[in-house]
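The sequence and the structure are shown first, and the description follows.

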Amino acid sequence: MSIFGKFLKGIVHDRNPTDDTVKVKGKEKPKFYGTVPPYPNFNASSDASVLQSAIDSKDVDEDVIIAVLVKRNNEQRQKIKMVYEASTGQRLEEDLKSVLRSHLEDVSLALLMPPAHFDAYLLRKATKGLGTDEDVLVEIFATRTHQEIQEIKRVFQEEYGKDLKEVIEDETSGDFTKALLAMMDGKKDEDHEVDIDLARKDAETLFEAGENTEGIDVSTFIDILTTRSGPQLSKTFQQYAAVSDITLPKALKLELSGDIEDCLIDIVKCAWNTPAFFAEKLHLAMKGHGTCEDTLIRVLVSRSEVDLKKIVEEYRAMYDFSLQEDILKDTRGHYEQILLGLCGPY
């Protein structure tokens, strides 16, 4: 059953931002739904020394390397990298490359990148060479904040000497390009307040642009879906049911095809429930024969300090198995160990 079927059956819950803040010293701050919080009593010098010993030992101690990397958050890992280089004269990434192999190496190096650098790397990988990984482009632009996207664009230019907007224009085409550029422009409202009248108006506008006309006005869909906040879009989808006999996702499937269909449907999924969107991606990565390691690594690393705890919860609700159980079935050895470490206790 698709994420939409599960949503309509009540398995996938609509987003509810009202309980997503907590008061710290009298100020409201977002609750932490990641699985890798800051490590208490953190000591970068001690961790750098432990990693050096694990790397230099006759038989590389992967268990120690994993224990350090998955128990420190990204900010702490950046400090470890600096101390390691200062004390050894070597870059931690290069030393890990020399002793680790395959997917364990990939996860470890991903964990050592600052978030914007990891996203820039993913976008470069998705647009370099033959073919373009459209799913990765949409995933990143649809789930990062305006501030995060601006930082990704800066890092992309700095690391690869190319303007990200120009790369997207060169590697994609048509309405899909327009949708990606609209998401990159950062015009999406990030306020959690919902305007019922606007939701009703947008629902009617989408109906007129899609079902109630000959041919679909894609620009209207792009404009609304890339500028409204997640909570606002959720309310719009509910209002859409009042003016149409079918759901908005089904209307998109009927009226569109190709990359733009997949793009707009992914935006809808993210607006409804971002953790469920990622839970579905993880499930599809392990479903059937073979495993999409790139997806597992990308999602678990990028969401480990954002909402991976919620993703784990949604995964169990949607598939009746825990994410950790499926990782145990599909992966092996130290690679399995580091992925399970990122998922947190179960």
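## Salt bridges

In this predicted model, E158 forms a salt bridge with R154, and their closest N and O atoms are 2.9 Å apart. Both residues belong to helix α9 (residues 146-160), where they are four residues apart, about one turn of the helix. R154 has a relative accessible area of 40% and is therefore classed as partly exposed. The pair is one of 19 salt bridges found in a search of the whole structure. Side chains of opposite charge can pair when their charged atoms come close.

K269 and E280 form another salt bridge through their side chains, with an N to O distance of 2.8 Å. Here K269 counts as buried, at 12% relative accessibility, and E280 also counts as buried, at 11%. Elsewhere, salt bridges with shared partners join K81, R91, E93, E94 and K97 into one network. R91 is partly exposed, with a relative accessible area of 39%, whereas E93 is buried, with a value of 13%.

## Aromatic rings

In the pair formed by F237 and W272, the ring centres are 5.5 Å apart and the planes stand at 80°, so the arrangement is edge-to-face. F237 is located in helix α14 (residues 230-243) and W272 in helix α16 (residues 258-286), so the pair ties together parts that are 35 residues apart in sequence. Both F237 and W272 are buried.

K310 is placed over the face of Y33, at 4.1 Å from the ring centre. Likewise, K329 lies over the face of F321, at 4.0 Å from the ring centre.

S302 is situated in helix α17 (residues 293-303). Is this residue buried or exposed? With a relative accessible area of 16%, S302 falls under the 20% limit and is therefore buried.

The side chain of S302 reaches the backbone oxygen of R298 at a distance of 2.7 Å. When residues up to four places away in sequence are not counted, S302 touches F118, R144 and I297.

Key:
Residues numbered from 1 in each chain as written. Predicted model: local features only at pLDDT ≥ 70, side-chain atom pairs only at ≥ 80, totals over all residues. Heavy atoms only, no water. Helix = DSSP H or I, 4+ residues; strand = E, 2+ residues; numbered from the N terminus. Buried < 20%, exposed > 50% of the residue type's maximum accessible area, 1.4 Å probe, protein only. Polar contact = N/O pair within 3.5 Å; in protein donor to acceptor, adjacent residues only side chain to side chain. Contact = heavy atoms within 4.5 Å. Phe/Tyr/Trp six-rings, centres within 6.5 Å; stacked < 30°, edge-to-face > 60°. Lys NZ or Arg CZ within 6 Å of the ring centre and 35° of its normal. Salt bridge = Lys/Arg side-chain N within 4 Å of Asp/Glu carboxyl O.
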